[in-house]
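Work through the following exercises with the sequence and the 3D structure open beside you. Each task is followed by a solution in steps.

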Amino acid sequence: MIPRLSPSLAAILIVLVAGLAGAPASARADAKLDAWLAALWPEAEAAGVSRKTFDTAMRGFTPDLKLPDLDLPGRPENDARGQAEFTRAPSEYLDRAYLMRLAATGKELAAKHKATLEKIERDLGVDRYSVLAIWGRETAFGSHKLPHDAINVVATQAYLGRRKDMFRIELIAALRMLESGIPRAQMRASWAGAMGLTQFMPSEFFKHAHDLDGDGKMDIWNSVPDALASAASQLKGKGWVAGQTWGYEVVLTPQADCGHEGPTQARTIADWAKLGLKRANGKPWTAEQLALEAYMMSPAGGYGPSFLVLENYKVIRRYNMSDLYAVFVGHLADRIAGGGDFVTPWGGTAPQKTANIVEIQERLGPLGYEVEKVDGKVGSNTRKVIGLYERANNLKVDCWPSDAVLNHIRKVGVRESRR
């Protein structure tokens with residue numbers, strides 16, 4: 001005969017059993033984190049980080065599960081949250097009123113920091129307008145306050161992110177920054193760990209941070225001369241061509257539609273001119289311009305301006321891997337220098353739909369189109385292959401991942417599968 005338990009004793013046993021059942025998962029999670037930290041320490045030590053700095057920085061580390069781009073159960077593989085370049089409509093990202101406000105402020109700052117900017121141009125070969133445009137795009141000239149602790153976000157991304165190896169390098173570099181004497185309270189960052197007035201990743205800090213004001217510190221947070229010189233140094237290090245612009249707005253032709261986009265279809269501007277491309281502002285091509293190699297860039301497909309872009313466009317893109325970002329910075333630089341608006345208006349596109357883009361990329365590959373990767377982002381390759389598909393199927397060539405083109409691709413896929 002099994003003895004009966006009193007209600008109170010039964011309740012206690014239920015709580016104990018529940019606690020024991022939950023303990024192993026928690027213990028496993030802690031053990032995994034402890035093992036990860038233990039493996040991280042030798043790498044930090046080899047990079048010159050002291051045990052004291054390491055322990056102080058990582059003590060009590062708790063991953064921030066609210067950050068985007070984490071590899072967690074239930075999270076989509078293509079998590080573009082926090083990346084306006086890959087979610088907002090081009091017309092929204094390149095908002096005219098916002099660009100006008102930034103340009104007005106940029107002109108005032110160009111006068112205020114004239115001596116600093118002249119020195120940057122002399123010493124580093126990067127024009128003042130592009131440097132100011134980077135500052136304007138990244139933190140709205142310092143008015144945007146970065147919300148995260150840099151150590152915590154790069155550690156979270158290194159531990160749970162989809163790009164663990166990359167962020168492990170960034171975490172080691174961030175720990176080196178602490179070791180060098182930079183206060184952690186000063187290291188406020190974006191969700192990906194970029195810091196300072198011009199948004200430096202930790203690994204870029206030791207490559208390109210610059211002490212332009214001569215106070216013995218490389219202060220990208222509070223010193224405008226240091227921050228701007230550091231941005232210029234990074235652009236120079238990524239291949240900046242002194243004295244050259246980023247690109248030219250052009251008017252497309254039936255012989256050169258948006259399906260001609262992308263770096264794989266680069267050619268001289270003279271060859272583009274043979275296809276009928278002219279500058280949108282009506283100015284003729286000069287002999288010097290005609291000799292330059294350029295590729296077509298249509299960030300909104302057929303629903304906005306198109307450009308022939310040069311090497312400095314690619315350099316800006318290396319600062320932030322986004323076509324819209326590079327167009328924003330290049331155009332803002334032109335505005336600060338006294339230029340006007342785009343000739344062709346933006347419009348006709350809704351916010352970007354990651355799921356649509358993924359499906360289009362997945363479906364076009366088996367149909368014979370050279371899709372570079374399935375990432376849910378509208379890059380030049382995705383726009384190009386959409387344009388080629390539209391051209392081959394006698395559709396309007398707009399190179400945009402719209403519902404209409406996705407539905408057409410689905411129908412073609414069904415027909416192909418029935419053969």
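**Exercise 1.** State which residues of α15 meet which residues of α16, and describe how the two helices pack.

*Solution.* In this predicted model, Ile357, Ile360, Gln361 and Leu364 of α15 meet Thr382, Val385, Ile386 and Tyr389 of α16, where contact means heavy atoms within 4.5 Å. Local features need pLDDT of at least 70, side-chain atom pairs count only at pLDDT 80 or more, and totals for chains, interfaces and linings use all residues. Residues are numbered from 1 along each chain as its sequence is written, and side-chain values use heavy atoms, with hydrogens and water left out.

Turning to geometry, α15 (residues 354–364) and α16 (residues 380–392) have axes 11 Å apart and pack at an angle of about 60°; axes are lines fitted to C-alpha atoms over the stretch in contact, with angles from 0 to 180 degrees between N-to-C directions. The two helices are therefore oblique to each other (angles under 35 degrees count as roughly parallel, over 145 as roughly antiparallel, 65 to 115 as roughly perpendicular and the rest as oblique). The crossing of α15 past α16 is left-handed, meaning that the near helix is turned anticlockwise from the far one by less than a right angle, whereas clockwise would be right-handed.

**Exercise 2.** Describe how α6 packs with α4 and with α10.

*Solution.* Begin with α4 (residues 96–112), whose axis comes within 10 Å of that of α6 and crosses it at roughly 130°, which makes α4 oblique to α6. The contact is made by Tyr98, Leu102, Gly106, Leu109 and Ala110 of α4, together with Leu132, Trp135 and Gly136 of α6. Here the classes are 6 nonpolar, 2 polar and no charged residues.

Next, α6 and α10 (residues 224–237) pack at about 110° with their axes 10 Å apart, and they are therefore roughly perpendicular to each other. From α6 the contact takes Val131, Leu132, Ile134 and Trp135, and from α10 it takes Val224, Leu228, Ala231, Ala232 and Leu235. This contact has 9 nonpolar, no polar and no charged residues.

**Exercise 3.** Which element gives the most to the lining of the second largest pocket, and with how many residues?

*Solution.* The contribution of α14 is the greatest, with 5 residues (helices are DSSP runs of H or I with at least four residues, strands are runs of E with at least two, and both are numbered from the N terminus). By class, the lining comprises 14 nonpolar, 12 polar and 6 charged residues.

Terms used: Nonpolar A, V, L, I, M, F, W, Y, C, P; charged D, E, K, R; others polar.
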